[in-house]
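Q: I have a model open and would like to learn how to read its features one at a time. Could you walk me through it?

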Amino acid sequence: PIAVEQAGSGKNPWLVLTPLILPVLLLMALRPVLGAAAFIGIGFINPSSLRPLMEVGPLSLRYVDGVFGLLVCMVLARSVIGRRAAILSEVRELFSPLLLFLFGIGLSVLLVRISAPDFFGASIASYMRLLLTASFVPVLCIALRDEWDVQFFNRALIFFSIGTVAVGAGLVWTGGGEALGQG
């Protein structure tokens with residue numbers, strides 16, 4: 001009742017979601033692919049439409065980062081409980097080709113520090129976002145357990161893609177893109 005009262009008064013609207021958090025976490029623990037689908041679903045939302053959770057200089061913590069953190073925790077918990085050695089070898093196989101690429105990008109961030117120090121903070125923030133995006137693939141690979149998971153994730157990806165196209169078409173059709181500064 002206190003959560004509903006505070007949410008209704010506008011003090012903290014997120015408290016209304018409190019009763020949903022535990023079941024969502026349990027579902028994500030049972031099927032981490034649900035967390036992966038939530039990650040891509042929130043990823044399809046325009047970042048300017050949602051306020052960041054927290055900002056520290058040019059770095060911002062977004063809702064998609066929180067969902068990704070939950071997904072990583074669920075995948076790690078599953079690896080501790082279950083097939084730990086197999087997962088570590090999978091992560092090694094998936095991340096090793098990316099390491100050289102990420103190392104090269106990291107060197108370019110250092111070059112930005114030398115050549116354009118005013119843009120170093122933004123460059124670090126961009127590099128952190130790249131690391132997050134690149135790390136989703138191995139985490140997703142570990143989260144997918146069977147054919148049902150793969151089919152569910154593909155359907156979620158198709159659903160969110162169609163939804164994005166529909167929203168964009170609706171904005172163009174109604175002229176809403178101009179109101180958002182995209183027209």
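Q: At what angle do the axes of H3 and H7 cross?

A: Let's begin with the general idea: two packed helices are described by the angle between their axes and the distance between the axes. Axes here are lines fitted to C-alpha atoms, for helices over the stretch in contact, and angles run from 0 to 180 degrees between N-to-C directions. In this structure, the axes of H3 and H7 cross at roughly 15° and come within 10 Å. That makes H3 roughly parallel to H7 (angles under 35 degrees count as roughly parallel, over 145 as roughly antiparallel, 65 to 115 as roughly perpendicular and the rest as oblique).

Q: Is the crossing of H3 and H7 left-handed or right-handed?

A: A crossing is left-handed if the near helix is turned anticlockwise from the far one by less than a right angle, and right-handed if clockwise. The H3 and H7 crossing is right-handed.

Q: What should I keep in mind about the model itself?

A: This is a predicted model, in which local features need pLDDT of at least 70 and side-chain atom pairs count only at pLDDT 80 or more, while totals for chains, interfaces and linings use all residues. Residues are numbered from 1 along each chain as its sequence is written, and side-chain values use heavy atoms, with hydrogens and water left out.

Q: How many helices and strands does the protein chain have?

A: Helices (H or I, at least four residues) and strands (E, at least two) are DSSP runs, numbered from the N terminus. Here the protein chain has eight helices and two strands, and along the sequence they follow the pattern α-α-α-β-β-α-α-α-α-α.

Q: How many salt bridges does the structure hold?

A: Look for a side-chain nitrogen of Lys or Arg within 4 Å of a carboxyl oxygen of Asp or Glu. The structure holds three such salt bridges. Arg31 pairs with Asp146 at 3.6 Å, N to O. Arg31 lies in the loop between helix H2 (18-30) and helix H3 (32-43), and Asp146 in the loop between helix H6 (120-143) and helix H7 (147-174), so this pair ties together parts that are 115 residues apart in sequence. Asp149 also meets Arg31, at 3.2 Å, N to O. Because Asp149 lies in helix H7 and Arg31 in the loop between H2 and H3, the parts tied together are 118 residues apart in sequence.

Q: Which residue forms a salt bridge with Arg129?

A: Asp65 does, with the closest N and O atoms 2.6 Å apart. Arg129 lies in helix H6 and Asp65 in helix H4 (residues 63-81), so the pair ties together parts that are 64 residues apart in sequence.

Q: Is Asp149 buried or exposed?

A: Buried means under 20% relative accessible area, exposed over 50%, and partly exposed in between (1.4 Å probe, protein chains only). Asp149 is buried, with 0%. Across the protein chain, buried residues make up 22% of the 183 residues.

Q: Which residues form a nonpolar patch on the surface?

A: Patches are made of residues with over 30% relative accessible area and no salt bridge, with like charges joined within 9 Å and nonpolar side chains (Val, Leu, Ile, Met, Phe, Trp, Tyr) within 5 Å. Leu53, Met54, Val56, Leu59, Leu61 and Met128 form the patch, with about 530 Å² of accessible area together (Shrake-Rupley method with a 1.4 Å probe; for residues, only the protein chains shown count as cover). Strand E1 (54-56) and strand E2 (59-61) each supply at least two of its residues.
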